[in-house]
Amino acid sequence: MAGAVLFDLDGTLADTAADLGAVLNTLRAEAALPPLAIAAIRPHVSQGVRGLLRIGFGLGPEHDHYPAMHRRFLARYETALCETTALFAGVSALLDALDARDILWGVVTNKTSRYTLPIVRALGLSQRAACIVSGDSAPRPKPAPDALLLASVIIGTAPAQCLYLGDDIRDIEAGRAAGMATAVAAWGYLGDERPPAEWGAGAIVNSPADLLCLLSGGTC
């Protein structure tokens, strides 16, 4: 059994797609563009604003208008961080079970602390998590291992004794680079790149209950 479990935030612990999608569609409306369905937006949420602006406007960091649009998106999002955002079904019971078994757990996300901390607080997890590591907590964000290695130090658990759960290929790349066990949250957003079976994760779990089963050494 792992000594600690570290969770990605968007698409793993919490379903943030509707709030982020609402911001994207507000910006599209201002540009006289029709709204995108949340189902079309969801796969891109774990890629952050970069992924959302790509699907919403065809903009990437290489475009001249990208920095201004990035700032506009975040300014809008900051005023509506947790309108509909909630823990995925089964996650609350999973966290309760980890607490009951004295298994440390924490959050490691590429979202900067300005947005991470209010969301985690609104979800009622601030006082429970052993660590909350944001995208600006370490020198390099995922897929670099820096944030996960920092989390390992904060919680006092060696990387080899940690499991990192995420829903994006960068989560798995970061976990492997940090020397942690890795698992894919199949209920998450999963991106639109390679399928999860090709990410090199140690396991793919279909539900939070399956993760607890995995940690217990059972067949899930």
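The following legends describe close-up views of a predicted model. Local features are given where pLDDT is at least 70 and side-chain atom pairs where pLDDT is 80 or more, whereas totals for chains, interfaces and linings use all residues. Residues are numbered from 1 along each chain as its sequence is written, and side-chain values use heavy atoms, with hydrogens and water left out.

**View 1. Packing of helix α1 against helix α3.** Helices (H or I, at least four residues) and strands (E, at least two) are DSSP runs, numbered from the N terminus. Two packed helices are described by the angle between their axes and the distance between the axes. Helix α1 (residues 17-30) packs on helix α3 (residues 48-57) at about 40 degrees, and their axes are 10 Å apart. That angle makes α1 oblique to α3; angles under 35 degrees count as roughly parallel, over 145 as roughly antiparallel, 65 to 115 as roughly perpendicular and the rest as oblique. Axes are lines fitted to C-alpha atoms, for helices over the stretch in contact, and angles run from 0 to 180 degrees between N-to-C directions. The crossing of α1 and α3 is right-handed; a crossing is right-handed if the near helix is turned clockwise from the far one by less than a right angle, and left-handed if anticlockwise. From α1, Leu20, Leu24, Leu27 and Arg28 meet Leu52, Leu53, Ile55, Gly56 and Phe57 of α3, where contact means heavy atoms within 4.5 Å. By class, this contact of α1 with α3 has seven nonpolar, one polar and one charged residues. Here Ala, Val, Leu, Ile, Met, Phe, Trp, Tyr, Cys and Pro count as nonpolar, Asp, Glu, Lys and Arg as charged, and the others, Gly among them, as polar.

**View 2. Buried residues of helix α3.** Val49, Gly51, Leu52, Leu53 and Gly56 of α3 are buried. Buried means under 20% relative accessible area, exposed over 50% and partly exposed in between (1.4 Å probe, protein chains only). The buried residues of α3 pack against α1, α2 (38-41) and α4 (66-78). After α3 comes Gly58, with a positive phi near 70 degrees.

View 3. The axes of α1 and α4 are 10 Å apart, at an angle of about 125 degrees, which makes α1 oblique to α4. Their crossing is right-handed. Asp19, Leu20, Val23, Leu24, Thr26, Leu27 and Glu30 in α1 meet Met69, Arg72, Phe73, Arg76 and Tyr77 in α4. The residues of this contact of α1 with α4 comprise seven nonpolar, one polar and four charged. With helix α6 (residues 113-122), α4 has axes that come within 11 Å and cross at roughly 20 degrees; α4 and α6 are therefore roughly parallel to each other. The crossing of α4 and α6 is left-handed. Leu74, Tyr77 and Glu78 of α4 meet Arg114, Tyr115 and Ile119 of α6.

View 4. A nonpolar core is a set of buried Ala, Val, Leu, Ile, Met, Phe, Trp, Tyr and Cys residues joined through side-chain atoms within 4.5 Å. The largest core has 49 residues, and those with the most contacts inside it are Phe7, Phe73, Leu98, Leu165 and Leu211. Beyond its neighbours within four places in sequence, Leu211 is in contact with Val5, Phe7, Leu94, Leu163, Leu165 and Val205. Ala4 lies in strand β1 (residues 4-7) and counts as buried because its relative accessibility is 0%. Not counting residues up to four places away in sequence, Ala4 touches Ile103, Leu104, Ile155, Thr157, Gln161, Cys162 and Leu163.

View 5. Most residues other than glycine have a negative phi, and most peptide bonds are trans. Asp102, in the loop between α5 (91-100) and β4 (104-108), has a positive phi of about 55 degrees and is exposed, with a relative accessible area of 70%. Leu190 has a positive phi near 70 degrees; Leu190 is in the loop between β7 (181-185) and β8 (203-205) and is partly exposed, at 22%. The peptide bond from Lys142 to Pro143 is cis, with omega near 20 degrees, and Pro143 is in the loop between β5 (132-133) and α7 (146-155).
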